[in-house]
Amino acid sequence: MSTWLLLHGGGALFSRLPPTPHQICTLLFASLYILSHFVITRFKKHTDFATVEDDEDAAVDRIALSLCTFTLAVSLGALLLVPFSILANEVLLLFPHNDYIQWLNGSLIHGLWNLVFLFSNLSLVFLMPFAYFFTEAEGFAGSKKGILARVYETFVELLLLTLLVLGMVWVASAIVDEDTGSQESLYDLWEYYLPYLYSCISLFGGLLLLLCTPVGLSRMFTVTGKLLVKPRLLEDLDEQLNCTRFEEAALSRKISASPTSCWLNLSAAMLQEQFLAIQSRRLALELRRCVSPWQRNLGYPLAMLCLLALTAISVLVVCFHTLELLLDDAAMPRGIQDAPLGQVSFSIFGSFGAALQVVLIFYLMVSSVVGFYSSPLFMRLLPVRQDTPMTKIIGNCVSLLVLSSALPVFSRTLGITRFDLLGDFGRFNWLGNFYIVFLYNMLFAALTTLCLVKKFTWAVRAELIRAFGLHKLPLPVTRTCQPSKLC
């Protein structure tokens, strides 16, 4: 009997013990790592290493793949930092004495922020440069080929890159801050150099978000319109399907024609590629036509209304925060060393406002990614399913890490959330500058408004040009007159 009580009592006592923050962090990161692995393998170009000589390339590919997976997992962790912290605070407010959520505390949140900051520094400064140089390395001339030769060349290139970046940051710090103590502080690599370097990277990520997010907010309507089926009033799928069938039939006749036919002006390979593209388009149109009337007539308008509401709320929040910066110093972003969870809500509207903040943060992040891949400068980085080389995957992982690691500072600077920055995220030098923060908010509101006005007035301008027949006018041609010839 005593043994039975001891076993059952010990089991009950063990079941009441909450998991430690280290266990929860490990579980969360393992989940993000598995998800990142599935995402990367979905886009990565398949490489066949069939022969024995390709074992070295296969090992390099596996190492680079694991490093990219780690970096993408860190990016997802940085993306979830602020939403997870806000939701954890609201859960603790709703259930303050629940035994099943005792593991959700300030120590866990603070540990997550520190780990994301550490891994972001590690990925940006060492892992991603190592993955790129290791993928491109072949060993120095005259050295014995193998993995060790590639590792040796990679470490030499990393050392040179580290010295270059260290010198550039040191010179930049000396130019910005003329204090001798700030220049000498860069000698301490871990305590000052990496946070300062990450502050520069965060500022670059913030500027990238400032440029990409307004473009993405206007592009979200176009992307959503391509994914959803529009009502028949706005889109005639039958006409598009008939045109696609005619094009498919014409290409089929060209392919089946003899080589001496006058229709065969292109090579067979190019014709086959065009035929497959049009065939896939026809199948997609047939699937879209089979959509139910409820989804066609109700889904598209609701999606457009939701996008319009989220965009308008984002702009209004930023405008209100801009006015608040002029009146209250507490609106400035600041860093704290302890997370006061479960004491007060971070929104004046309670749980509903906190949930809206989380939705806005995710919406702005998705918009920034859409704007990033829509810009002409970064359009070539857009991954293709099962056809993306490893170097392009490394570039995508670095870009997503820069964007996501700047998201906590971005959302706090714009006033999307009132959750203050924890740990080293609040040590960035430019966060305390009122003029930078105020100008950042003004530029975001102005750029977003300009992009939206241009987006929604373009259709009206096009219809007016078409109505007045201005689209039929020839373009003006400028001619240069020469003395010996008539103009």
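A salt bridge here is a side-chain nitrogen of Lys or Arg within 4 Å of a carboxyl oxygen of Asp or Glu. The model is predicted: local features need pLDDT of at least 70, side-chain atom pairs count only at pLDDT 80 or more, and totals for chains, interfaces and linings use all residues. Residues are numbered from 1 along each chain as its sequence is written, and side-chain values use heavy atoms, with hydrogens and water left out.

**View 1. Lysine 44 forms a salt bridge with aspartate 61.** The closest N and O atoms are 3.2 Å apart. Lysine 44 sits in the loop between H2 and H3 and aspartate 61 in helix H3, so the pair ties together parts 17 residues apart in sequence. Helices are DSSP runs (H or I, at least four residues), numbered from the N terminus. Lysine 44 counts as buried because its relative accessibility is 11%. Aspartate 61, at 16%, also counts as buried. Buried means under 20% relative accessible area, exposed over 50%, and partly exposed in between (1.4 Å probe, protein chains only). The structure holds 1 salt bridge.

**View 2. The second largest pocket holds about 620 Å³ of space.** A pocket is an open set of points on a 1 Å grid over the protein atoms alone, where a 1.4 Å probe fits, with protein on both sides within 12 Å along at least five of seven lines; lining residues have an atom within 4 Å of a point. Its volume is the space filled by probe spheres set on the points. The lining has 21 residues; Val39, Leu72, Val369, Tyr373 and Leu400 lie nearest the centre. Helices H2 (21–43), H3 (55–94), H11 (351–374) and H12 (390–405) each supply at least two lining residues. H11 gives the largest share, 6 residues. By type, the lining of this pocket has 17 nonpolar residues, 4 polar and no charged.

**View 3. Leu122, Phe126 and Phe155 form a nonpolar surface patch.** Together they have about 250 Å² of accessible area. Patch members have over 30% relative accessible area and no salt bridge, and nonpolar side chains are joined within 5 Å. Leucine 122 lies in helix H4 (residues 106–136). At 37% relative accessibility, leucine 122 counts as partly exposed.

View 4. Leucine 92 counts as buried, at 13% relative accessibility. Its C-alpha is 7.8 Å from that of leucine 104, 12 residues apart in sequence. Proline 96 counts as partly exposed, at 49%.

Technical notes:
Patches are made of residues with over 30% relative accessible area and no salt bridge: like charges are joined within 9 Å, nonpolar side chains (Val, Leu, Ile, Met, Phe, Trp, Tyr) within 5 Å. Accessible areas come from the Shrake-Rupley method with a 1.4 Å probe; for residues, only the protein chains shown count as cover. Ala, Val, Leu, Ile, Met, Phe, Trp, Tyr, Cys and Pro count as nonpolar, Asp, Glu, Lys and Arg as charged, and the others, Gly among them, as polar.
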